[in-house]
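Me: I have a new structure to look at. Can you walk me through it?

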Amino acid sequence: MEAIKKIDIHAHAIPWPEYAPKYKRHDSTMLTPEQLFDEYYKKLSVEKAVLLPITAPEAQLAPITNEMTKFLVDQFPDKLLWFCNVDPRAVNNNDTSDLGYLLEHYKSLGAKGVGELTANLYADDKMIDNLFSYCEELDMPVTIHIAPAPRGYYGIIDERGLPRISRMLKKHPKLKLLGHSQPFWSEIGENTEENRNSYVKGKVENGALANLLREHENLYCDMSAGSGANAFMRDREYAAAFIEEFSDRLLYGCDICMKNQTFPFSFDEFLTSMRLSGEISEENYRKIVRENACKLLDIKC
């Protein structure tokens with residue numbers, strides 16, 4: 001069966017690893033684009049990746065700036081696309097900041113969207129609302145990382161069932177949000193306060209996510225990281241049904257942050273096996289790994 005060239009909707013990279021602090025647990029910095037393509041993307045058949053800067057201090061040992069990211073994209077224009085990242089607290093830390101000025105600047109440089117949004121504010125905070133208003137106006141999709149609580153986490157905060165995200169989706173009907181993280185993907189099935197920031201196991205039942213997707217056509221799913229992989233791989237039968245129903249709003253991603261991460265390979269094997277078995281259709285497989293990203297990013301597929 002033909003290998004489909006994939007688009008990774010969720011990538012991070014740095015230009016100068018020799019200057020970057022290492023993650024203590026892994027003795028590794030984030031990877032360069034060369035490392036991503038040589039060590040991962042060749043094996044995964046990934047043709048292009050969308051680089052996401054990280055500007056909030058909650059999320060990162062050191063920021064990955066918009067300027068660093070644009071610099072990398074210019075080095076590999078045939079392989080890399082990018083989102084810009086504008087923190088909702090930028091300019092003057094209130095809900096009247098003209099964030100549109102920054103977004104328009106980065107959009108003029110080719111930014112296709114905004115993210116990864118990791119500021120540890122409530123998802124319906126007025127400053128988040130302000131940012132979302134500008135993103136909606138400029139038609140810039142936003143990749144969001146959901147956090148379960150303030151302090152000790154990174155990401156915009158929401159409770160079980162994601163009621164605050166639901167309110168923002170309703171208030172901004174033309175805003176496209178790409179959900180991501182353990183608390184987001186735990187909503188595919190039942191969860192608890194204790195396990196929603198982890199990799200929930202077992203059969204999927206009574207999740208809020210399917211209902212949210214049915215209610216809000218502007219909600220999309222970023223399938224990246226261990227959280228996305230686990231959500232699908234924990235219940236193969238449910239994964240097939242979920243993919244068939246929501247295939248237009250699921251986007252393949254990796255979220256590789258350092259060396260020796262193996263989950264992208266096991267998840268790729270899982271999706272490939274479902275394609276080969278016919279559990280998901282060829283049409284929907286192509287949408288997930290490539291065509292939905294082309295449509296969202298308005299690029300030639």
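Reply: What follows goes from the whole chain to a sheet, a helix and a few single residues.

Me: What should I know about the model before we start?

Reply: This is a predicted model, where local features need pLDDT of at least 70, side-chain atom pairs count only at pLDDT 80 or more, and totals for chains, interfaces and linings use all residues. Residues are numbered from 1 along each chain as its sequence is written, and side-chain values use heavy atoms, with hydrogens and water left out.

Me: How many helices and strands does the chain have?

Reply: The chain has 11 helices and 9 strands. Both are DSSP runs numbered from the N terminus: helices are H or I with at least four residues, strands are E with at least two. The radius of gyration is 18 Å, close to the 19 Å that the globule rule gives for 301 residues, so the chain is as compact as a globular protein of that length. That radius is taken over C-alpha atoms, and the rule is 2.2 Å times the number of residues to the power 0.38.

Me: What box do the C-alpha atoms fill?

Reply: Roughly 55 × 40 × 40 Å, taken along the principal axes.

Me: And what share of the residues is buried?

Reply: Buried residues are 57% of the 301 in the chain. Buried means under 20% relative accessible area, exposed means over 50%, and partly exposed is in between, with a 1.4 Å probe and protein chains only.

Me: Now the sheet. What is the strand order?

Reply: The order is S1-S2-S3 in an open sheet of 3 strands, with parallel pairing. Two strands pair if DSSP finds at least two bridges between them. Strand S1 (6-11) and strand S3 (80-82) are the edge strands, each pairing on one side only. From one strand to the next, the twist averages 25°.

Me: How many bridges join S2 to S3?

Reply: Strand S2 (residues 46-51) is joined to S3 by 3 bridges. Val50 has Leu81 in S3 as its bridge partner.

Me: Which helix lies across S1, S2 and S3?

Reply: Helix H1 (residues 33-44) does, running at about 135° to S2. Helix H2 (residues 66-75) also packs on the sheet, touching S2 and S3, and its direction makes about 155° with that of S3. Contact means heavy atoms within 4.5 Å. Axes are lines fitted to C-alpha atoms, for helices over the stretch in contact, and angles run from 0 to 180 degrees between N-to-C directions.

Me: Changing topic: which residues of H9 are buried?

Reply: In helix H9 (residues 236-246), Ala239, Ala240, Phe242, Ile243 and Phe246 are buried. Down the axis of H9, the buried residues fall within an arc of 165°, so they line one face of the helix. The arc is that of the directions from the helix axis to the C-beta atoms.

Me: What covers them?

Reply: The cover includes helix H8 (225-233), helix H10 (263-277) and helix H11 (282-297).

Me: Where is the cis peptide bond?

Reply: A cis peptide bond joins Gly115 and Glu116, with omega about 5°. Glu116 lies in strand S4 (residues 114-117).

Me: What about phi of Leu162?

Reply: Phi of Leu162 is near 55°, a positive value in a residue other than glycine. Leu162 sits in the loop between strand S6 (156-157) and helix H5 (163-171), and counts as buried at 1% relative accessibility.

Me: And Asn206, buried or exposed?

Reply: Asn206 is exposed, with a relative accessible area of 63%. Phi of Asn206 is also positive, near 55°, and Asn206 is found in the loop between H6 and H7.
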